[in-house]
Amino acid sequence: MGHTITIKELEDAASIMRENILKLSKQTLIHIGGDLSMADMLTALYLYKIRKDLSNHRWPGRDRFVLSKGHGAGCLYLAMATAGYGRIEEIFETYGQLNSRYGMHPCNKHNPGMEVSSGSLGHGTTLCSGMAMAAKIRGDRHYVFSLMGDGELCEGSVWEGAMTAAHYKLGNLIVIVDRNKFSLNAGTEDEEQGIGLEPLAAKWKAFGWNVMEMDGHDMEDIVKTLDSIPDPASDVPTVIIGNTIKGKGVSFLENQASWHHGMLNDEQLEKALSEIRAARKEKGE
Amino acid sequence: MTETYGFKEVLRSARPMLDEAMQEYAVKNKEFCLISPDVSRAGMPEFIKKFPKQHFNVGIAEQCAVDFAAGMALEGRLPFIYGMSVFMSMRACENIRTNVCYQNANVKIIGNNTGLAGGGGSTHYAMEDLAILRSFPNLTLIVPGDPDQALKAFYAAIAHKGPVYIRLSNGRNESAVYKSDYEFKIGKGIVIRKGDAATVIACGIMVSYALEAARILAENEGISVNVVDMHTLKPLDNDLVCEMARATGKILTLEDHSINGGLGGAVAETLAESGIPCTLKRLGIPDTFPGFGSFEALQGQLGYGIEAVVAQVKAML
């Protein structure tokens, strides 16, 4: 596919995306914890993996992407804008305002290149199974990617879709789970408040899926994993469990259920940005 | 005026008629497919045998059926879902709203076993589907007045770009209403019998009961009423409702659905906003969970059978 972007460039892009997520969360309420956990994976998807034609958003050969965890909209808008679907300035100028195409959950009516309006959790496997089935019938060679939150795996419909995708041998369906181990209320494995998702890989395996795992913050591992997903003509759907950290990159946001969503004040923003920049500098050196 | 059959003079079954229509259409249009949460064998047994590649059974999983169809439609296919209305409209309620209607996905849903006509008890009576689905933007709601009209609705749904819900009754052995052919247009109700004393607006299986009540009123009481087949609940034919209100000043609605929020509710909203002086009586399933019994026995008990229509029209005069 002639990918020329380097790991370093992807890391830099993810770092800039983190800065923008933080700045956006100073100006409006976004789901900052999950945005920061998915930022590296979404950067790799949009800038490296997903095949697209910016001059023709309906190009039949494009890979499809559905953000099942639609509350990660802020991160999606930034990833899409970085990939060429819009202007980052427009996100900051208009987010949440009347007639803006940017709001808390993604809407495809106003966003060319966005496949599906999302935000209601638990529809990634079901809806994407239909999209993948249509592609399989046509003999298309593209993938249908869906990024899901780990908390949304509690929705029963996820497993209806998981059974359907396995039954119809939808090898062109790739689900990536942002395994940041937190939902809104608490840690997913919290003894009192977490419903308990583990053993997660075994669950997907039992549903007939090919299971892969990666470090969702190690760009090299992300790229390597995305490079090794099965051919779209294979007959087993794939789930990639991306192990991540909620609030990744900012010490006081990491692993805090209370930062599932929120807004930063001036002081917090400054501290957060300095941490992100310091990490980037350290990595660069 | 449209020629009609007498009450239960001719019985037809929408299910095998739709089965045949789907087979015919599937040959012409390879994008056509049937998706079902495990009930297609009871509805379209021949289609699923002959067109296995255009049939998808997702198991007893209504949410998945709806989302799967939405995904197919977003990719340019023409999915029809066949399922039981009580589960389609409630178990998969949000999926219809968000993944079909919000996306304006070209998905068609055929719901069966509606109202009390299908039997099964209150877990299986779809009494609220119209009330729920009527509030979803982009969704067209059709309640065919007889089995033949279900076929017309099928083709109209194909021609219509966007989500459509077709509400069958039970789909088996139901009164044919129309003897002569007629034009079926989404959103245009049909006056199938003319009168001057009052207007009965009915939908679905209750159209045949309304016609029989009108015959009895005419023959036994000398009272002539309009009978309207309001086959489209959304968009509602507001002009026809107003025309009937102006002409007779008395409207009775009749539906095999809760009196809250369905045909009666829709007509009431139109009338209230029109400012036309008109007495309205809504007949249908009252605000209760009905028990078991034959359709006619339940209608008698709950007050929306032929006798109830006759009595209520007389009471309005």
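Helix 6 of chain A passes helix 4 of chain B in a right-handed crossing. Helices here are DSSP runs of H or I with at least four residues, strands are runs of E with at least two, and both are numbered from the N terminus.

Before I go on, a word on the source: this is a predicted model, where local features need pLDDT of at least 70, side-chain atom pairs count only at pLDDT 80 or more, and totals for chains, interfaces and linings use all residues. Residues are numbered from 1 along each chain as its sequence is written, and chains are lettered from A and ligands numbered from 1 in the order in which they are written.

Back to the two helices. Two packed helices are described by the angle between their axes and the distance between the axes. For helix 6 of chain A and helix 4 of chain B, residues 62-74, the axes come within 9 Å and cross at roughly 65°. An axis is a line fitted to C-alpha atoms, for helices over the stretch in contact, and angles run from 0 to 180 degrees between N-to-C directions. The cut-offs are under 35 degrees for roughly parallel, over 145 for roughly antiparallel, 65 to 115 for roughly perpendicular, and oblique for the rest.

Which residues make this contact? From helix 6 of chain A they are Ser157(A), Glu160(A), Gly161(A) and Thr164(A), and from helix 4 of chain B they are Gln63(B), Cys64(B), Asp67(B) and Phe68(B). Contact means that the C-beta atoms of two residues, placed from the backbone, lie within 7 Å. By class, this contact has two nonpolar, four polar and two charged residues. Ala, Val, Leu, Ile, Met, Phe, Trp, Tyr, Cys and Pro count as nonpolar, Asp, Glu, Lys and Arg as charged, and the others, Gly among them, as polar.

Now the whole interface between the chains. Here 19 residues of chain A are in contact with 20 residues of chain B. On the chain A side, helix 5 (124-138) and helix 6 (156-167) are the elements that give two or more residues. Helix 5 of chain A gives the most, with nine residues. That side of chain A divides into eight nonpolar, nine polar and two charged residues.

Helix 5 of chain A also lies across strand 1, strand 2 and strand 3 (173-179) of chain A, and runs at about 175° to strand 2 of chain A. Those strands belong to an open sheet of five strands in chain A, in the order 1-2-3-5-4, with parallel pairing. Two strands pair if DSSP finds at least two bridges between them. Strand 1 (64-67) and strand 4 (210-215) of chain A are at the edges with a single partner strand each, so one side of each has no neighbour in the sheet. From one strand to the next, the twist averages 20°. Strand 1 of chain A and strand 2 of chain A, residues 144-149, run parallel and are joined by four bridges. As one example, Leu67(A) has Leu147(A) as its bridge partner in strand 2 of chain A.

Next, chain B. Its domain assignment, which is automatic or from a database, gives domain 1 (11-175) and domain 2 (190-316). Their centres, taken over C-alpha atoms, are separated by 26 Å. Between them, 25 residues of domain 1 of chain B are in contact with 25 residues of domain 2 of chain B. What supplies the largest share of the domain 1 side? Strand 6 of chain B does, with three residues. The domain 1 side divides into eleven nonpolar, nine polar and five charged residues.

Chain B has an open sheet too: seven strands in the order 3-2-4-5-7-6-12, with mixed pairing. Its edge strands are strand 3 (55-57) and strand 12 (232-234) of chain B. Strand 6 of chain B, residues 140-142, pairs with strand 12 of chain B in the antiparallel sense over two bridges. Ile142(B) has Thr232(B) as its bridge partner in strand 12 of chain B.

Last, helix 8 of chain B lies across strand 5 (108-112), strand 6 and strand 7 (164-167) of chain B. The axes of helix 1 (residues 14-28) and helix 8 (residues 147-159) of chain B come within 9 Å and cross at roughly 30°, so these two helices are roughly parallel.

Key. A crossing is left-handed if the near helix is turned anticlockwise from the far one by less than a right angle, and right-handed if clockwise.
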